[in-house]
Amino acid sequence: MSNTTFETQGCTVMLAGDFPGTRKAKAHYGAQGAHVFCVSTPDTGLSQLDKAGLLIICDAAPERFHSLREAARTQGVPVITRPPAIDSGQITLIGGGPGALDLLTVRAVNALGDADLIFADRLGPSGLVQSLAPQALLVDVGKRPGHHKVAQVQIEHQILSAALAGSNVVRLKGGDPFVFGRGFEELSAATRAGVAVSVVPGLSSCITVPAAAGIPVTARGVNTVFSVISAHDPLQEHQFKYLAGLEGTIIILMGMATLEHTASGFQHQGMAATMPCAIIESGTTGEQRVTHATLQTVAQVSRARRCSNPAVIVIGEVAALPQKLLAEELAELGVNA
């Protein structure tokens, strides 16, 4: 079995493999509360198998433990095979998804479980990942509007230094690392430095957060195109004109500070003042809140409700679909919306 999850707290785990290949696995399962002991040969493992509640083969040549694996299966001891730790450091860029811990991918969870150091952004599930990586040191490098706790060049320097020193480094970002996440800058820096780097895609908030609010970014008979933009910096007139001309859904990330400019800019380019809009705050989490408005009223309603980041803004006919569905349901029940 591989990448199988067991509850290991209080379990006695036998790690079979050569040191240092087993060192990270020992730290990982020990941090989860398991009692871990290591064996480096099949014969040693066979002599101590009666003490094990779980066998983990963590060796560059796992086939050499075939006799131990078969004996464990005969005795009903579960067996996991996992790759051994490598001596050189590496970097994994992980997309943490929109915020809910259970929207992390399985690949991301596995990578976190092998991390020595996690450099985490403010967005996504960064405040919750310690439970998935109790063996790792969590470093907060989150950015906030107008206040960058750690500059991007410093972040790159820190993750490269840690990897070059031999650590298994995870760079955890909200959403997907390649969607307004500067992930490619970090991949490029690692590549230039000769550090092994891999990317674990994440669920981007541009689709998942509207979905969590019941808003599809495309809908048959409504639209066939959607655009995702960053409004961290105010959009320019030619951008408003182009986006309005597409007649599709517009998903805006990092746009709360420029919302009034955005709403007036689209109206100036001919978009209807009655165009439905929605603001989804803290999407997919227990603090999710949805505000519906029109293009003409969205800035005023946002101020009145004190909407704030993290938020995703949806402009387009699809933004009104959940309300229309509710109205239809109420009408069937004979209730006025």
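**Group meeting talk: a patch, a loop and a helix**

Val179, Phe180 and Met254 make a nonpolar patch of about 240 Å². A patch here joins residues with over 30% relative accessible area and no salt bridge: nonpolar side chains (Val, Leu, Ile, Met, Phe, Trp, Tyr) within 5 Å, like charges within 9 Å. A salt bridge means a side-chain nitrogen of Lys or Arg within 4 Å of a carboxyl oxygen of Asp or Glu. Areas come from the Shrake-Rupley method with a 1.4 Å probe, and for residues only the protein chains shown count as cover.

Some ground rules. This is a predicted model, where local features need pLDDT of at least 70 and side-chain atom pairs count only at pLDDT 80 or more, while totals for chains, interfaces and linings use all residues. Residues are numbered from 1 along each chain as its sequence is written, and side-chain values use heavy atoms, with hydrogens and water left out.

Now the whole protein. It has eleven helices and 16 strands. These are DSSP runs, numbered from the N terminus: helices are H or I with at least four residues, strands are E with at least two. The C-alpha trace spans about 80 × 55 × 30 Å along its principal axes. Of the 337 residues, 46% are buried. Buried means under 20% relative accessible area, exposed means over 50%, and partly exposed is in between (1.4 Å probe, protein chains only). Take the contacts with a separation of 6 or more: 64% of them join residues 24 or more positions apart. Contact means heavy atoms within 4.5 Å.

Where is Phe180 found? It is in the loop between strand 10 (168-173) and helix 6 (183-192). Most residues other than glycine have a negative phi. Phe180 has a positive phi of about 55 degrees, although it is not a glycine.

Arg182 sits in that loop between strand 10 and helix 6 as well. Its phi is positive too, near 60 degrees. Arg182 is partly exposed, because its relative accessibility is 39%.

Next comes helix 6. Which residues of helix 6 are buried? They are Gly183, Glu186, Leu187, Ser188, Ala189 and Ala190. They pack against strand 5 (90-95), helix 5 (152-164), strand 10 and strand 11 (196-200). After helix 6 comes Gly194, with a positive phi near 75 degrees.

Phe180 has a partner to meet: Val228. Val228 is in strand 12 (residues 226-230). It touches Phe180, Cys206, Ile251 and Leu253, leaving aside neighbours within four places in sequence. Is Val228 buried or partly exposed? At 29% relative accessible area, Val228 is partly exposed.

Now compare an arginine elsewhere. Arg82 lies in the loop between strand 4 (79-81) and strand 5. Its relative accessibility is 13%, so Arg82 counts as buried. Beyond its neighbours within four places in sequence, its contacts include Tyr29, Cys58, Asp59 and Asp114.

One last backbone feature. Most peptide bonds are trans. The bond from Asn309 to Pro310 is cis, with omega near 0 degrees. Pro310 lies in the loop between helix 10 (298-305) and strand 16 (311-315). That's my tour. Thanks.
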